Amino acid sequence: IPMSAVRTAPSLRVALPLLAKKPETTLDRIFGPKLFKTVTKTSGIHSVPLVILRVTTGLLMIHHGTEGGVLPANLNSDEFKGFTSYIVDGYFSFLPGPSLLWSALHDYVEFLGGIFLVLGFLTRPASLSLLMTMSAAVYFHINSTGLQGFPFGHVPNYSYDFEEPLIYACVFLMYWFNGCGGLGVDELIYKNISKEGEEEEVETEIGTE
């Protein structure tokens, strides 16, 4: 419709809003074209599942880092001694230094890394540390029990031994790349130290001059 005609015909000006795009409904989001769209921003409602995943995974890591006691590296517990003798000595003897040190480091990475994940603080370095720990766990399981017929083989306990650390590793890889995903200390720090907002304001001012 030519704009000149709109300016001279009041009835057309009234009818134009009816030609506007129909508001998107929840059903449109589920069954419409957006069913196939990849989300490119993790703000707003899209941050909710990322926060839930981050906090849940962090709490589980705290649990794994304190096996054999309340705090990590319980040197006199059977769990810590078994981990050191069977896993570290058996499959990571190539590492320098005493095996007790590596066992304790493993516990502290999971314990502290889990806390950092829950808080969304230093999410990227915490995720990288946990990713390395889970990669080591995958290496151990594959070396001790093999691939167990993956992906079509069936095992007595219904899951491959390397399955859990591999899934954890994928989760930590995502947070290492993308950050805390919202509702975290990192987000608050970034808002206070970032100059992106200032740059956008300058660009807006230049554009209006």
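Accessible areas here come from the Shrake-Rupley method with a 1.4 Å probe, and for residues only the protein chains shown count as cover. The model is predicted: local features need pLDDT of at least 70, side-chain atom pairs count only at pLDDT 80 or more, and totals for chains, interfaces and linings use all residues. Residues are numbered from 1 along each chain as its sequence is written, and side-chain values use heavy atoms, with hydrogens and water left out.

**Exercise 1.** State the accessible surface of the chain and the share of its residues that count as buried.

Solution. Step one: the accessible surface comes to about 14500 Å², and 67% of it belongs to carbon and sulfur atoms. Step two: buried means under 20% relative accessible area, exposed over 50%, and partly exposed in between (1.4 Å probe, protein chains only). Step three: 28% of the 209 residues count as buried.

**Exercise 2.** Describe the secondary structure of the chain and its contacts.

Solution. Step one: helices (H or I, at least four residues) and strands (E, at least two) are DSSP runs, numbered from the N terminus. Step two: the chain has ten helices and zero strands. Step three: a contact means heavy atoms within 4.5 Å. Among contacts between residues at least 6 apart in sequence, 62% join residues at least 24 apart.

**Exercise 3.** Which residues form the nonpolar patch on the surface, and which helix gives the most to the patch?

Solution. Step one: patches are made of residues with over 30% relative accessible area and no salt bridge; like charges are joined within 9 Å, nonpolar side chains (Val, Leu, Ile, Met, Phe, Trp, Tyr) within 5 Å. A salt bridge is a side-chain nitrogen of Lys or Arg within 4 Å of a carboxyl oxygen of Asp or Glu. Step two: the patch consists of Leu 119, Val 185, Ile 189, Tyr 190 and Ile 193, with about 450 Å² of accessible area together. Step three: helix α9 (residues 185-193) gives the most, with four residues. Tyr 190 lies in α9 and is partly exposed, at 42% relative accessible area.

**Exercise 4.** Locate the backbone features at Ala 73, Leu 122 and Pro 151.

Solution. Step one: Ala 73, in the loop between α4 (47-65) and α5 (78-91), has a positive phi of about 55° although it is not a glycine. Ala 73 is buried, with a relative accessible area of 16%. Step two: Leu 122, also not a glycine, has a positive phi of about 50°. Leu 122 sits in the loop between α6 (99-119) and α7 and is partly exposed at 39%. Step three: the peptide bond from Phe 150 to Pro 151 is cis, with omega near 5°. Pro 151 is placed in the loop between α7 (123-145) and α8 (163-178).
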